Amino acid sequence: MPIAILVLVEVLIVIALSRLVGLAFRWIKQPQVIGEIVAGIMLGPSLFGLVAPDLAAAVFPAEAVPFLDVLSEIGLIFFMFLIGLELNPKYLKNNLDTAILTSHVSILVPFSLGSLLALLLYPIISNNSVSFTAFALFLGAAMSITAFPVLARIITEHNLQNTKLGTLALTCAAVDDVTAWCLLAVAIAVTRTNSMIGALPTIFEALIYIVFMLTVVRWFLQRLSKHYNRTGRLTQLVLAGIYMGVVASALITEWIGIHLIFGAFLLGAVMPKNAGLTRELAEKTEDFVLIFLLPIFFAYSGLRTEIGLLNSPELWLLCAAVLGVAIIGKYVGTYVAARVCGISNRESSALGWMMNTRGLTELIVLNIGLSLGVISPLLFTMLVIMALVTTFMTSPLLEWTYPKRLIRLDISEFSSDDSELEDSENAKITEKTDEKLLPTYRILVPVANPSTQKGLLQLAVALAQPAAGTGGNDLQSAAVHPLSLIELSKDYAFESTPAEADRIIQDRHLKLGELIESLQPPEARKLVHPIIRVTNDVARETAQIAELDRADLILVGWHRPTFSSNRLGGRVGQILSTAKVDVAIFVDRGRERLNNLLVPYAANIHDDLGLELALRLLVNSEERRLTVLRVATVDGEAAENELSYEFKRVIEQLPVEVQSRIETPIVEAAEPIQAVIAASANADLTIAGTSREWGIERQTLGQYTDELAVQCHSSLLIARCYVKVRSHLASVLPQI
């Protein structure tokens with residue numbers, strides 16, 4: 001097979017497997033990049049070469065590996081450019097003194113421990129062609145690194161970007177990144193010259209180039225930024241010039257004697273952080289780099305990783321020592337420095353685990369060391385295992401050390417010159433709030449698209465607002481929380497960095513503000529307090545927020561105005577299955593007024609919830625009428641659908657005027673569902689419990705026919721009662 005065709009086949013296999021394994025790791029709540037690294041290792045001698053050595057040799061022959069090396073180098077150059085592009089100076093504006101001390105101690109401690117470990121490892125797994133100085137420098141650098149891109153992703157996923165802890169971690173990681181890369185540049189210079197004295201000219205030339213980039217090149221790029229502001233778009237000519245600059249800068253640093261990646265990183269770092277320019281540049285660059293080129297780098301690294309080299313208990317003990325030094329050095333160094341700076345015990349611990357993240361950045365360092373021959377394939381394998389373990393452990397340990405209830409207490413005020421909205425969840429609603437201060441009825445409303453879900457929020461306000469007759473002023477008795485969850489779809493996407501997440505959140509605040517201002521009556525707007533979060537699992541996050549905030553009801557919108565063979569399911573079904581509060585799904589048929597209410601009733605807890613919601617709507621408006629429809633079989637035998645004693649008591653205590661607007665007919669029908677469908681033609685809103693009697697499956701709204709959801713003539717509200725929740729019937733009564 002021609003070598004070009006073989007390389008294309010290899011690329012096809014690499015991309016497919018990296019996507020598959022990456023998505024599997026996302027499913028277990030781990031960064032996708034860890035799965036992609038594992039996929040690369042699977043293609044190497046550690047798995048593929050072990051299980052099918054002949055086939056592995058045929059698919060990845062030695063003569064094809066240099067082509068993968070070239071593609072991976074190109075991928076690294078542009079990935080490092082993206083890292084520099086994401087390194088926003090705003091990260092260095094907060095707690096800079098604390099961050100400098102913490103980050104440098106978090107480098108110094110693991111670097112020192114790594115250098116001491118080098119005394120043990122050098123005689124065992126190195127050779128005389130490598131100086132001890134170069135070996136110790138590389139090992140220390142490998143122990144000291146923090147993966148800024150992966151850490152930024154973790155911070156965003158845990159909604160820490162607007163907290164003191166999150167901003168401090170980002171600042172520490174940014175300082176750490178700059179310091180660690182400088183340290184690595186020195187290590188490379190020492191390795192290539194084989195002495196510290198010989199490396200001085202290289203270091204001096206590198207400093208001159210850095211000054212040149214920070215002055216002349218930055219001045220030129222600022223003119224480019226102004227040009228972009230005038231034109232409003234990034235033309236192909238300008239993009240070609242930027243890409244040429246990336247490659248040229250990489251070549252210059254390679255010629256100086258450090259490495260290609262430093263030039264690319266430096267150009268990205270000095271790029272003006274013009275929001276529009278950097279966003280468009282990243283969008284045009286990252287997809288091809290992250291989907292096509294970077295997995296090739298992982299595969300190339302995997303081909304050089306051979307876990308089988310650890311073939312004795314002694315070597316596994318050395319591997320454990322490497323892992324222990326890396327974890328202890330980074331965690332203890334960060335923790336102690338943070339405590340000295342006056343940071344609390346729990347926050348210091350969480351910061352230590354976050355700074356322990358290594359990920360892809362570590363893999364870049366290791367490949368450089370292996371290419372230069374300063375570390376052996378055996379040590380390379382040990383350090384790859386260390387990189388995977390330390391990154392894999394970050395999220396669960398962070399969640400254990402700093403759970404969401406503490407994140408909620410630490411969330412900073414959302415800063416926006418264009419919005420006066422406050423996130424009430426951030427400021428007021430926590431697990432520790434006094435019960436007496438909590439509203440008596442609270443509704444969480446997931447809003448996927450603020451511009452299309454006015455009806456959903458209007459219904460939530462109608463359900464939550466104080467009953468007619470109370471004066472309508474007791475706004476403390478209810479609350480509606482529009483919940484806007486921003487889901488991250490990419491692992492290293494520029495949009496998922498904390499700075500861009502803030503921009504997206506601000507934009508979502510503005511849109512929600514416009515939606516709230518459109519609600520009627522105007523005084524009801526005081527009930528509404530939006531919540532905006534970043535998440536990687538919308539259904540799970542919704543259920544957790546509802547439970548932690550003690551919501552009484554989750555009101556979910558179903559976006560299709562009509563139904564075909566598609567059944568209710570997906571995220572709605574997941575919320576139904578997992579939420580530990582009552583859930584209602586609103587199928588909006590576009591009715592402007594919801595004055596005629598229909599409740600098919602069959603005496604179960606879900607229909608009870610439906611009737612409760614109907615009564616809430618009824619007492620909140622003098623124009624509404626309620627029909628509680630009970631169905632009997634055609635032979636005249638009544639169904640067991642008598643109203644419960646509690647409902648009878650509530651209805652009896654309602655004012656006579658309200659009781660006069662309630663009808664409770666009994667109809668005969670062979671199929672109850674058909675009677676409800678016929679009655680819905682005269683209703684504005686039908687409220688039905690999740691019951692097979694009404695053609696709706698209780699848990700998933702998808703396993704059965706969902707016949708009512710498909711055929712109902714009116715708008716439909718489907719109610720699922722969480723049996724462990726106490727009844728809220730008492731709050732339906734007007735407080736008069």
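**Ground rules.** I number residues from 1 along each chain as its sequence is written, and I use heavy atoms for side-chain values, leaving out hydrogens and water. For this predicted model, local features need pLDDT of at least 70 and side-chain atom pairs count only at pLDDT 80 or more, while totals for chains, interfaces and linings use all residues.

**Helix α11.** I took helices (H or I, at least four residues) and strands (E, at least two) as DSSP runs, numbered from the N terminus. Helix α11 covers residues 236-256. I looked up which residues are buried (under 20% relative accessible area; exposed is over 50%, partly exposed in between, with a 1.4 Å probe and protein chains only). In α11 they are Val238, Leu239, Ile242, Val246, Ser249, Ala250, Thr253 and Ile256. Seen down the axis, they fall within an arc of 130° (from directions between the helix axis and the C-beta atoms), so they line one face of α11. On the other side I found exposed residues, including Met244 and Trp255. Just after α11, Gly257 has a positive phi of about 120°.

**Salt bridges.** My rule is a side-chain nitrogen of Lys or Arg within 4 Å of a carboxyl oxygen of Asp or Glu; the count is seven. One of them joins Lys330 and Asp176 at 3.0 Å, N to O. That pair links α14 to α9, 154 residues apart, and both Lys330 and Asp176 are buried. Arg593 and Glu623 pair at 3.7 Å, N to O, and both are exposed. Glu612 and Arg616 meet at 3.8 Å, N to O; being four residues apart in α25, they are separated by about one helical turn.

Notes: The expected span of a helix is 1.5 Å times one less than its number of residues.
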